[in-house]
Every structure is written in C-alpha cells, then in structure tokens.
Amino acid sequence: SLYYPLLMQRIVARRLDKIVTVSNKSAEDIERYFKVPGEKIRVVYNGIDLETFRPLKNAKKIPNTLIFVGNTDDRKKGILYLLQAMQLLEDHIKLIVVDGGAARKEYASSLVREYGLEDRVVFTGNITQDKLIGLYGAAQIAVVPSLYEGFGFPAGEAMACGLPVIATWAGALPEVVGEEGEGGILVPPRDPKALAFHIKSLLQDGKNLEKMGELARKRIAENFTWEK
C-alpha cells in the first residue's frame, strides 16, 4: 500500500529539525501535505555537471528530431501525451525515447503500435551517459511532458547540453526551464495539441531554436551548477 510509507514520511518529517529539498514546489508540497512549518524547510537546487552535460563541438543535428528521457512506465512522465502529439505532427518529425530502466516495458511500445508510429519513434534502451549526451547533441528539441516533477533532471541536463526544452507547467519544471523563451517553452500538462503546436512552431524557426538553446545553457550555468 502506498498509504503506509506516506504516513511514515509525514510522522518523520514533523520530527526533523530541518528539511532540505530541491525546489520551491517541493517545499510547498512538504509544507502542505506533511504539515511541516515553512521555516524548517530549506531549498537547495540540484547540481548539474556542466563539464559532462555540454554542447558537443561539431555536433551534427538530425533535422526534425525530438528526444524524451525518462521512465516510460511511469504515467506521471507524460509519454502518453507526447505520443498523442506525435500523431498530430507531420511524418518527418521523429522521436528518440531514452529509457534506462527495466528492459521489458510495454506501455509506451504498445502505444506506439496502437498509434502507428513505429517508423517515427526509436527506443534506445539502456545507454551510457556519453551516448545520451551524443543524442542530446543530435536532437533539436527535448520534450518533458511530465504531470509532476520534484525537480526535473531531464530538462536541466538537456538545457546544459544547449538544447531548448518544451516542458509542462507541472511541479518544479517552471523553476528549471525559467521564463517563456528563456531556455524553453512551457505548456499545460495533458495537452497533446499544445505540445504539437509548439514543437512544430519551434522546429520551423531555426534562429529561435538556436538562440533558445544558448539561453538554456546559460540559465543552467547561472542557477544549477554544483558550485551554486
């Protein structure tokens, strides 16, 4: 049962002298659901290694390519709505799905078959970090369609690699992605039409695509380094 561990977390949280969490949204949720006074909570953002997650020199972009990184069996990651958005987009737009979890996952692959997207969606399976950074270098947009994120590493790491992000307003993602156009675009969760519209618009605007990628890297460098 999910209730028991949540109950224990609530009991333990109230007895702690201080709680450190990774976003203002997480702090709000801890205060609200665990009834912890706000003055006992301190926000310290996650750090992202800018030397590891970086734009690759001479990287060759694959035109009209999107990348999704996350556990596709976790419904909160929103892969359903991204695949529904793919149905609304032209056939030349492709999606790379990076899911390093268990080898046998059926949820996303069954949706791909149901939606007739077999020729447009590639599942990489478990890959090395270097391979992941290479895929960030090859893609044009990272999509993070989550229904909730306590922080949002896939968004932050993609941005550190100089990739613009289309994400949702869910959880802490606005804290990572920033203001509209600063390093990405925010859309409502559970809205495949909004995802499709902004994916198409950004792919058609090469100058804005490049500029937004540069701003994305800058935002991570200014706010989410280990030193910070």
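**View 1. Helix α3 (residues 79–88) packs against helix α4 (residues 107–114).** In this predicted model, the axes of α3 and α4 lie 10 Å apart, at an angle of about 20 degrees. That makes α3 roughly parallel to α4, a label for angles under 35 degrees. Axes are lines fitted to C-alpha atoms, for helices over the stretch in contact, and angles run from 0 to 180 degrees between N-to-C directions. The α3–α4 crossing is right-handed: the near helix is turned clockwise from the far one by less than a right angle. Ile79, Leu80 and Leu83 of α3 meet Tyr107, Ala108, Leu111 and Val112 of α4. Contact means heavy atoms within 4.5 Å.

**View 2. Strand β3 (residues 65–69) is largely enclosed by the rest of the structure, because 4 of its 5 residues are buried.** Buried means under 20% relative accessible area (1.4 Å probe, protein chains only). Helices (H or I, at least four residues) and strands (E, at least two) are DSSP runs, numbered from the N terminus.

**View 3. β3 pairs with strand β4 (residues 94–98) in the parallel sense.** The pair has 5 bridges; pairing takes at least two DSSP bridges. Thr65 stands opposite Lys94 in β4. From β3 the chain passes through α3 to β4, a right-handed β-α-β crossover. With the strands pointing away from the viewer, that path runs clockwise.

**View 4. β3 also runs parallel to strand β6 (residues 141–144).** Here 2 bridges join the strands. Leu66 faces Ile141 in β6.

**Notes.** Residues are numbered from 1 along each chain as its sequence is written. Local features need pLDDT of at least 70, side-chain atom pairs count only at pLDDT 80 or more, totals for chains, interfaces and linings use all residues, and side-chain values use heavy atoms, without hydrogens and water.

Notes: Buried means under 20% relative accessible area, exposed over 50%, partly exposed in between (1.4 Å probe, protein chains only). Angles under 35 degrees count as roughly parallel, over 145 as roughly antiparallel, 65 to 115 as roughly perpendicular and the rest as oblique.
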